[in-house]
Every structure is written in C-alpha cells, then in structure tokens.
Amino acid sequence: MSTERKALSLQRLQEMHATGEKIAMLTCYDAAFASVLDEAGVDVLLVGDSLGMVLQGEASTVPVSLQDMVYHTRCVARGRRSAWVVGDLPFDSYQASTEEAWKSAAALVKAGAQMVKLEGGGWTAPLVRFLVERGIPVCAHLGLTPQTVTMLGGYKVQGRDEAAADKLRREARELVEAGAQMLVLEMVPAPLAAELTQSLGIPVIGIGAGVGTSGQVLVLHDMLDVTPGRRPRFVKNFMQGASSVQDAVRRYVAEVKAQTFPDNALHSY
C-alpha cells in the first residue's frame, strides 16, 4: 500500500481532519515494524517513550533517555516510506527551558522525526510556540500524561468533572494558539474529546477518548497482544482472528477508518 500512496504531510493530515477521514496511528520503534505498518496503511508512526515499558521492561516511561528516543527514531525513519513520523520528547528533555526543548527537539528531527510530541498543558504553551516559530512541528498531549502519572494519582480518566474539563479546554486552546498542529487526548471522556475535536481546528488523536476524535492511536505491542499483564479498557486485541501481524495491522487501520474502533461502549469512558 505504501508504494501506492503519497507521503503523508501536515497538509494532508489537516485535510483528513477537515473532511472526516480518520487518521490511523500506531507506536513504532524499529525499521522492520515501520515497514510493516507503512505497508498496511498506517498514517502516522509514533516513536513513543512507551518503549521504556514495552521494550526495556521499565515500570514507566520516566527512565527513557533522549538518546534512546534518537536511536529508535532513526530506526523508524529508515524503515518507513509514506507514513508521518512523530517522535516523543522524553521526560527531562524539555522541562527546564525553551533552549533545552529546542536542543532535544532538534536531535529528534535530525534523527528523522517530522514532528515532536510533548506532554502537558499550561507551562508547555511557550515551549510549543518557541519550537514552531523555529520550524519544528509540535504534537501536544493532554489528559492522562504518562510522564507525570504520579502527580495525577495513577492511570485515571482525566476531565470527568466540569472544573477538570474546563481546564482541559483552556489548555487545549492555549496549545493551538501557540501553534500545536496535532493533539493527542489520552483517557478523556468521549463526549469531551468529541467536543474538542470539533472546536480546535487541528487533528485530535484519541487513545481511550472515544470514536469522535480525528483518529486513533494504540501502543503496537498492546494491540498485537504482546504486552504481558492486564490491558487498559481502550485496548483491543487485533491479533485475535488475524492470520499474521500484517493482517492484524490492516484490520486496525480498516476499523479506525470505518469508525468501528473504538466502540464507545467498550473502549471509552
């Protein structure tokens, strides 16, 4: 499939959001899977700091270093053809200053990322503006933010009450005004995520945020049923009934595009 489609661009992703064509995103950490996912029609490859948990066996994403992210971003960039590549800025690589954020983001871009992702709202808006004004596209991340999960009291749904929902709305608007060109919403109530998707004007990618977003993302190892232990509510095992990894990924893409995944009754809050 990747040989038949043009390379994804920010403009194309914006068009997909505007026309209602769903965006299929998956995490990816190496060249081989980058090729498989690209061929299966995945639109966006997220080199996530989730690699700390699924590849390195860490208890959280916090121990992941910038060097880890640069290495895996370079691997993914070598393996993809058409998909858009987003690289996570890991914990302790952008929090101290705009200058630190620039150096870290530039390292990921040099490794092959076409966009960088950072977590949190409020204090991050100036960082987003600083990076975007200097030519680095930014994807924001609100809701459940794994790098600061201890501050949130664990892996809990965010934005349930009106005060928390208003905070999410305000921070999302600030990030868009600062120049963020994509937003990931994690573990946010489906009605709130749909509302933000309609109002913000940029692609909103959900994970545990319902079917009303511009697209979906899952951790690759979760949707392939490789990750040990209990799965989050929003995960679906696409290997069940699939003939191969490639088939499972194609099924994921097809269900995201057809809006049959996620099922709000099963996978959302």
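Leu-218 touches Met-25, Leu-26, Thr-27, Ile-207, Met-223, Phe-234, Val-235, Lys-236, Phe-238, Tyr-252 and Phe-261, leaving aside residues up to four places away in sequence. The model is predicted.

- Nonpolar side chains tend to be buried together in soluble globular proteins.

**Cavity**
- The count is one cavity of 30 Å³ or more.
- About 30 Å³ of space lies in the largest cavity.
- Strands S7 (204-207) and S8 (215-218) are the elements that give two or more residues to its lining.
- S8 supplies the largest share, three residues.
- By class, the lining has seven nonpolar, five polar and no charged residues.

**Cis peptide bond**
- The peptide bond from Phe-261 to Pro-262 is cis, with omega near 0 degrees.
- Pro-262 sits in the loop between helix H10 (245-258) and helix H11 (264-267).

- Met-187 is not a glycine, yet has a positive phi of about 50 degrees.
- Met-187 lies in the loop between strand S6 (182-186) and helix H8 (190-200).
- Met-187 counts as buried because its relative accessibility is 9%, and the cut-off for buried is under 20%.
- Asp-225 is not a glycine either, and its phi is positive, about 60 degrees.
- Asp-225 is found in the loop between helix H9 (220-223) and H10.
- Asp-225 has 39% relative accessibility, so it counts as partly exposed.

**Arg-169**
- Arg-169 lies in helix H7 (residues 162-178).
- Arg-169 has a relative accessible area of 16%, so it is buried.
- Its side chain makes a polar contact with the side chain of Asp-166, at 2.6 Å.
- Arg-169 touches Glu-162, Leu-192, Glu-195 and Leu-196, not counting residues up to four places away in sequence.

Note on methods: Residues are numbered from 1 along each chain as its sequence is written. This is a predicted model: local features need pLDDT of at least 70, side-chain atom pairs count only at pLDDT 80 or more; totals for chains, interfaces and linings use all residues. Side-chain values use heavy atoms; hydrogens and water are left out. Helices (H or I, at least four residues) and strands (E, at least two) are DSSP runs, numbered from the N terminus. Buried means under 20% relative accessible area, exposed over 50%, partly exposed in between (1.4 Å probe, protein chains only). A polar contact is a pair of N or O atoms within 3.5 Å; within protein, one must be able to donate a hydrogen and the other to accept it, and residues adjacent in sequence count only if both atoms are side-chain atoms. Contact means heavy atoms within 4.5 Å. On a 1 Å grid over the protein atoms alone, a cavity is a set of points where a 1.4 Å probe fits but cannot get out, and a pocket is an open set with protein on both sides within 12 Å along at least five of seven lines; lining residues have an atom within 4 Å of a point. Grid points are joined across faces, edges and corners, and a volume is the space filled by probe spheres set on the points. Ala, Val, Leu, Ile, Met, Phe, Trp, Tyr, Cys and Pro count as nonpolar, Asp, Glu, Lys and Arg as charged, and the others, Gly among them, as polar.
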